[in-house]
Amino acid sequence: MKPLLFTLAFLCTAAAATAQSYLPGLQELKIPATEDSRPLEGLLWYPATGAPPLTPLYDSKVWEAPQAARGAAPAPGPFPLVVLSHGMYGNALNQAWLAAALARQGFAVAAISHPGTSTWSREPDLSRQLWERPRDISRVLDHLQAAPEWQGLTEPDRIYMAGHSLGGFTAALLAGARYDAERFAHTCSQLPGDLVCGILKGWKIAETPEDRARMEADLSDPRIKGFALFDLGGTQSLTKDSLARITRPMLVYGAPVMNSGLTLDIESRALVQALPAASLRYIEPQTLSHFDFLGVCTPAGETILAAEEPGDEIICRGGGAERAAKHQQIIAEVVAFFRSN
């Protein structure tokens, strides 16, 4: 495994990570369908000033809700932009804790719910079109650069991305990784019980020649200057050659508490072995779990999930103050990494 890469520039940037503090402004993000693309919905966070009221993002007995200044006017920009991609059957709210923190520190943040692989959209035909996930992110960039109401908010030369789990896989594709159906099939034949193999087979990914061509195409977006990947899944489907050619900065988190079904040795650890060392920072905190990239749970969250969704209570195990402390460390790393790149 490659060691942590510490540079003087990174350390200097980390020390300066306490820039001007803003309020976390928030508005809904809606991108209409086009002739060859699907409609997208999500949230746009941004730095705001003034004295607008801060209200909870949502009302939940399981999740602690971040505070947001809904509809507040943006502070004078432009600001760097971060686009978020959630994990399997997640949604635009999953990393709201990160989005709100980034907005407070001077970043605009767009988070969408991917049709077909989100909480409220699991249609098999949409799940099969996994190549649309990176295209969703590119369409968010197109929209924010073209929409009159967001002119001047973001800097086109300072665009970044963060993705969790399947969102990390999406980020890898946007960075230049290429899907290989043959390699995936061979790997899965040797790992019959692998979680990702079972999921992608169930979704019928790249089973027809047309789907395979779309999935194996170059889905990268050169506008994105740096990536943060949070305990991704799907590394075994990516070609080593394409990973070796990625030169844009990559911050990769691996979660050694493997309570999600992902195997670290064939996921994040394998990814960092294939990436160029010069553009990589890998972090593997000893107590980090896959679900620590979700929100903070309420004191009753684990009990409620155990009663209402037996088995799901693992999502909130250690998900209170312990997770909140991990979030602060992750936020500091992400802010420093994007600012240094």
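Biologist: How many bridges join E9 to strand E10, and in which sense do they run, parallel or antiparallel?

Modeller: Please keep in mind that this is a predicted model. E9 is joined to strand E10 (residues 280-283) by 4 bridges, and the two run parallel. Within E10, Ile 283 is the bridge partner of Tyr 253.

Biologist: How does the chain cross from E9 to E10?

Modeller: The path goes through helix H10 (residues 268-274), and this β-α-β crossover is right-handed.

Biologist: And what does E9 pair with besides that, in the case of strand E8?

Modeller: Strand E8 (residues 224-230) pairs with E9 in the parallel sense, over 4 bridges. Opposite Tyr 253 in E9 stands Phe 230.

Biologist: Are the faces of strand E9 covered or open?

Modeller: Both faces of E9 (residues 250-253) are covered. Met 250 and Val 252 are buried on one side, and Leu 251 and Tyr 253 are buried on the other.

Biologist: What is the strand order in the whole sheet?

Modeller: The sheet is open and has 10 strands, in the order E3-E4-E1-E2-E6-E5-E7-E8-E9-E10, with mixed pairing. Strand E3 (55-56) and E10 are the edge strands, each pairing on one side only.

Biologist: Strand E1 and strand E2 pair in which sense, parallel or antiparallel?

Modeller: Strand E1 (residues 23-31) and strand E2 (residues 40-48) are antiparallel partners, paired over 9 bridges.

Biologist: Let us move to the packing. Which residues have the most contacts inside the largest nonpolar core?

Modeller: They are Val 140, Tyr 179, Met 215, Phe 227 and Met 250, in a core of 65 residues. Helix H5 (residues 166-175) gives the most to this core, namely 7 residues. A second, separate core has 35 residues, among them Leu 57, Phe 293, Ile 330 and Val 334.

Biologist: What is Met 215 in contact with, leaving aside its neighbours within four places in sequence?

Modeller: Met 215 is in contact with Leu 130, Trp 131, Phe 169, Leu 173, Tyr 179, Ile 205 and Ala 206.

Biologist: Ala 206 has a phi near what value?

Modeller: Phi of Ala 206 is near 55 degrees, which is positive in a residue other than glycine. Most residues other than glycine have a negative phi. Ala 206 is placed in the loop between H7 and H8, and its relative accessibility of 10% is under the 20% limit, so Ala 206 counts as buried.

Biologist: What about Ser 165: where does it lie, and what is its phi?

Modeller: Ser 165 has a positive phi of about 60 degrees, although it is not a glycine. Ser 165 lies in the loop between strand E7 (154-164) and H5, and it is buried, with a relative accessible area of 12%.

Biologist: Is the peptide bond from Gly 77 to Pro 78 cis or trans?

Modeller: That bond, from Gly 77 to Pro 78, is cis, with omega near 5 degrees. Pro 78 is in the loop between strand E4 (67-70) and E5.

Biologist: Now the aromatic rings. How many aromatic pairs are there?

Modeller: The count comes to 9 aromatic pairs. In one of them, Tyr 89 and Trp 203 are edge-to-face, at 6.0 Å centre to centre and with 65 degrees between the planes.

Biologist: Why does that pair tie together parts that are apart in sequence?

Modeller: Tyr 89 is in the loop between strand E5 (79-85) and helix H2 (96-104), whereas Trp 203 is in the loop between helix H7 (195-202) and helix H8 (209-215), so the pair links parts 114 residues apart in sequence.

Biologist: Are the two residues buried or partly exposed?

Modeller: Tyr 89 is partly exposed, at a relative accessible area of 25%, while Trp 203 is buried, at 10%. Furthermore, Arg 122 lies over the face of Tyr 89, at 4.1 Å from the ring centre.

Biologist: Which residues do ring pairs link into a cluster?

Modeller: The cluster consists of Tyr 160, Phe 337 and Phe 338. Phe 337 and Phe 338 form a tilted pair, at 6.1 Å centre to centre and with 55 degrees between the planes. Phe 337 is buried at 4% relative accessibility, and Phe 338 is buried at 1%.

Technical notes. Residues numbered from 1 in each chain as written. Predicted model: local features only at pLDDT ≥ 70, side-chain atom pairs only at ≥ 80, totals over all residues. Heavy atoms only, no water. Core = buried A, V, L, I, M, F, W, Y, C linked by side-chain atoms within 4.5 Å. Buried < 20%, exposed > 50% of the residue type's maximum accessible area, 1.4 Å probe, protein only. Contact = heavy atoms within 4.5 Å. Phe/Tyr/Trp six-rings, centres within 6.5 Å; stacked < 30°, edge-to-face > 60°. Lys NZ or Arg CZ within 6 Å of the ring centre and 35° of its normal. Pairing = 2+ DSSP bridges. Right-handed = clockwise from strand over helix to strand, strands pointing away.
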